[in-house]
Amino acid sequence: MANDLNLFVLWANGRHKETEIITDINRHFEILQSFEITWTPKLFTRNLSRFYGKKLPSAVKKKRLCGTGSFLVICVNDTQPRIHNGKNLNIIAAKARYRQIIGSNCIHAGDLQREACLLYTSDAADDLIGV
């Protein structure tokens, strides 16, 4: 079966469990790379809306839940994906485990190729033009 590239986003308010989660991710997936990202605070709500799109009913509530500090993006390869209806069941199960560990929805999981570019927003350029 083909590899499946995904990412996990560990939002700021979930990073207190970072070591435990990364250990588990490493146990179940191949970690390709991780990045720490900091969004401009005044653009955080807009960036959340851009990232989640219409799936996010309230970016303000999500911002309070996740925190606005630096977050961690962990890019992974699932070498033995279990795909059902276009979804990787291994990733879904891992996200549920991590939400239990954290005690909230301060982690996101998704398709690497589709979502990674949405995390690297151009808010620095937006700041320059005053958007």
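What follows is a walk through the fold, core, aromatic pairs and salt bridges of a predicted model.

A few ground rules come first. Numbering starts at 1 along each chain as its sequence is written, and side-chain values rest on heavy atoms, with hydrogens and water left out. Since the model is predicted, local features need pLDDT of at least 70 and side-chain atom pairs count only at pLDDT 80 or more, while totals for chains, interfaces and linings use all residues.

The chain comes out with 6 helices and 6 strands, taken as DSSP runs (H or I over at least four residues for helices, E over at least two for strands) and numbered from the N terminus. Read from that end, the order is β-α-β-α-α-β-β-β-α-β-α-α. Of the 131 residues, 41% count as buried; that label means under 20% relative accessible area, with exposed set at over 50% and partly exposed in between (1.4 Å probe, protein chains only). For contacts (heavy atoms within 4.5 Å) with a separation of 6 or more, 81% come from residues 24 or more positions apart.

On to the inside. In soluble globular proteins, nonpolar side chains tend to be buried together. Here the largest nonpolar core has 31 residues, with Phe8 and Trp11 making the most contacts inside it; such a core is a set of buried Ala, Val, Leu, Ile, Met, Phe, Trp, Tyr and Cys residues joined through side-chain atoms within 4.5 Å. The largest share, 6 residues, comes from β3.

The aromatic side of things totals 10 pairs across the whole structure. Rings of Phe, Tyr and Trp (its six-membered ring) pair if their centres lie within 6.5 Å, and planes under 30 degrees apart count as stacked, over 60 as edge-to-face and the rest as tilted. Phe8 and Phe29 sit with ring centres 5.8 Å apart and planes at 50 degrees, so they go down as tilted. That pair bridges 21 residues, from strand β1 to the loop between α1 and β2, and both partners are buried. Another tilted pair, Trp11 with Phe71, has 4.7 Å between centres and 50 degrees between planes. It spans 60 residues, with Trp11 in the loop between β1 and α1 and Phe71 in strand β3; these two are buried as well. Ring pairs also gather Trp11, Trp39, Phe44, Phe51, Tyr52 and Phe71 into a cluster.

As for charges, the structure holds 4 salt bridges, each a side-chain nitrogen of Lys or Arg within 4 Å of a carboxyl oxygen of Asp or Glu. Asp24 takes part with Arg27 at 3.3 Å, N to O, and with Arg97 at 2.9 Å, N to O. The Arg97 link runs from helix α4 to helix α1, 73 residues apart, whereas Arg27 and Asp24 are 3 residues apart in helix α1, about one helical turn. Asp24 is buried at 9% relative accessibility, Arg27 is exposed at 59%, and Arg97 is partly exposed at 28%. Elsewhere, Arg15 and Glu36 meet at 2.7 Å, N to O. Arg15 lies in the loop between β1 and α1 and Glu36 in strand β2, so this bridge ties together parts 21 residues apart in sequence. Glu36 is exposed, at 53% relative accessibility. Bridges with shared partners join Arg15, Glu18 and Glu36 into one network.
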